[in-house]
Amino acid sequence: MGRSGRVTLSDVAKVSGVSRATVSFVLNDDPRQTISGATRERVLEAAHDLGYVPHGIARALREGSSRIVVLNVDWSLEGNFSRSYVRGLDEELTQHDHVLLVRHGHAAPEATQKILDAIAPRAVFRLGEVYMQGHGPIEEDWENGFAANAALQIDYLAERGHLRIAMAMPDHDFPLTEARLGFARETARRLGLPPLERLVVPRPREAGAAAVETFLAAHPDVTALAAFDDDIALRSLTALHDLGVRVPEDIAVMGFDETEYGSLSTPALTTVHIDAEVLGRLAARGALGIDTEGLAPVPGRIVVRASA
């Protein structure tokens, strides 16, 4: 082994009894070289037995990019959607000899560029970017995309007789805030419901309770809160508990993009579960130029519990 402890081309060459150049030709599957089957098999067997791993930087120089795919995940995208998307993207890339690098949270453009310059990634994604650019949903989104998942929440509440619904929102704008609110409002319009009210539920606990109390006093006809995500739904449940408002008897609360904490609340949180693993796999195949036939998004589903 080399001085660093890493298996090198020279190590593989010594064990297989061929030149270092021949090893390189075999491992890179160079079509311009004629190498016998026996030699090729001997080299591959030696590389396997030694645990040889190609040097990423050197391979990047040869191929024009590394075998790294970068995914940027903004704050607030921390539910089952992002977890399942990352899982699918990672597993699909691994199957095709690529590596996923996930960057979480906001970062200065200069810092991001330094990373990209250093690793020369095969592709760079930003989770939910198409919706952050202000594009309205195409009809396909209403069938199995983000818009369809957002619609599940309003549909569920409307089917249970809630005509006056408020969207419980975070106190800071996140990348998908406007898209999420827009889909919910369009769903209400399609269902013939009155326009959705907007309720901001801030931190800390006392501020959240005060905001909910003021809102309910001004909107006594609201019977359900459709929360931006499970985190805001849990803030709402806490505020209502502190105010002595019964859930779901006096007002229903429904989360979105299920997290484990919703099942631990009292009452347990009704929410929307989104499995984006297939979307991650589709993104991976798209980046690698691989056929995506046979992969289709999985529709979201309602997790029925006690809060709605």
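Analyst: Helices and strands here are DSSP runs numbered from the N terminus, a helix having at least four residues and a strand at least two. The model is predicted.

User: Where is Asp257 placed, and is Asp257 buried or exposed?

Analyst: Asp257 lies in the loop between S7 and S8, and its phi is near 65°, a positive value in a residue other than glycine. Buried means under 20% relative accessible area. Because the relative accessible area of Asp257 is 13%, this residue is buried.

User: Which residues does Thr259 touch, leaving aside those up to four places away in sequence?

Analyst: Thr259 is found in the loop between strand S7 (252–254) and S8. With a relative accessibility of 15%, Thr259 counts as buried. Beyond residues up to four places away in sequence, its contacts are Gly79, Arg83 and Asp230.

User: What distance separates the end C-alpha atoms of helix H5?

Analyst: Helix H5 covers residues 80–95, which is 16 residues, and at 1.5 Å a residue it should span 22 Å. The expected span takes 1.5 Å times one less than the number of residues. The separation of the end C-alpha atoms agrees with that expectation, at 22 Å.

User: Which elements are included in what covers the buried residues of H5?

Analyst: The buried residues of H5 are Asn80, Ser82, Ser84, Tyr85, Gly88, Leu89, Glu92 and Leu93. What covers them includes both strands and a helix, namely strand S1 (68–73), strand S2 (99–104), strand S3 (123–126), strand S8 (271–273) and helix H13 (277–288).

User: What is omega for the cis peptide bond that joins Arg203 and Pro204?

Analyst: Pro204 has its place in the loop between strand S5 (197–200) and helix H11 (205–218). The peptide bond joining Arg203 to Pro204 is cis, with an omega of about -5°.

User: Where is Pro248 placed?

Analyst: The peptide bond from Val247 to Pro248 is cis, with omega near 5°. As for its place in the chain, Pro248 is in the loop between helix H12 (230–243) and S7.

Conventions. Residues numbered from 1 in each chain as written. Predicted model: local features only at pLDDT ≥ 70, side-chain atom pairs only at ≥ 80, totals over all residues. Heavy atoms only, no water. Buried < 20%, exposed > 50% of the residue type's maximum accessible area, 1.4 Å probe, protein only. Contact = heavy atoms within 4.5 Å.
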